[in-house]
Amino acid sequence: MVSYGEIHITTGADEAADRQIRRRAQSAELRQIVERIYTSNLHDPLDAVVRRNAWYILPHLFPNTVMTSRTGAKVSLYQPEKGGKSYVFLTGPYSTRNAELPGLEVRLIEGPSALNGDTPMMGQPFHVPSR
């Protein structure tokens, strides 16, 4: 289990801690965002929680990826419309597809993982491009 403030992630590394997180969710102390990802924030809309914590959540859902396209250029969530859905573009060892999180669409593009010189974000296997 890994925690980042209001975000709690089950990793499978510590089954007892993961079980505790699942029990807290069953007793309504936590809300599940997506599989393995929970929040202790019981008041804010889930899309706001996801946008605020995207850089903690995404490395656990999509390890070994690199921010690309508009996300890599700005190192921020791409929001084409004010108040609309946000987008993140990631390239890595995943088939090209879209993945949905509350308020956030992840556009996965199949391609190379990090190259020499790409910067890991927060010590995770999730990178900012150096190109």
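Two strands are said to pair if DSSP finds at least two bridges between them. Strands (E, at least two residues) and helices (H or I, at least four) are DSSP runs, numbered from the N terminus. This is a predicted model, in which local features need pLDDT of at least 70 and side-chain atom pairs count only at pLDDT 80 or more, while totals for chains, interfaces and linings use all residues. Residues are numbered from 1 along each chain as its sequence is written, and side-chain values use heavy atoms, with hydrogens and water left out.

**Exercise 1.** Determine how β3 and β4 are joined.

*Solution.* Step 1: three bridges join β3 to β4, and the two strands run antiparallel. Step 2: Arg31 has Thr39 in β4 as its bridge partner. Step 3: β3 and β4 form a hairpin with two residues between them, and Arg36 in the turn has a positive phi of about 75°.

**Exercise 2.** Decide whether Phe89 is buried or exposed.

*Solution.* Step 1: Phe89 lies in strand β6 (residues 86-92). Step 2: buried means under 20% relative accessible area, exposed over 50%, and partly exposed in between (1.4 Å probe, protein chains only). Step 3: Phe89 is buried because its relative accessible area is 7%.
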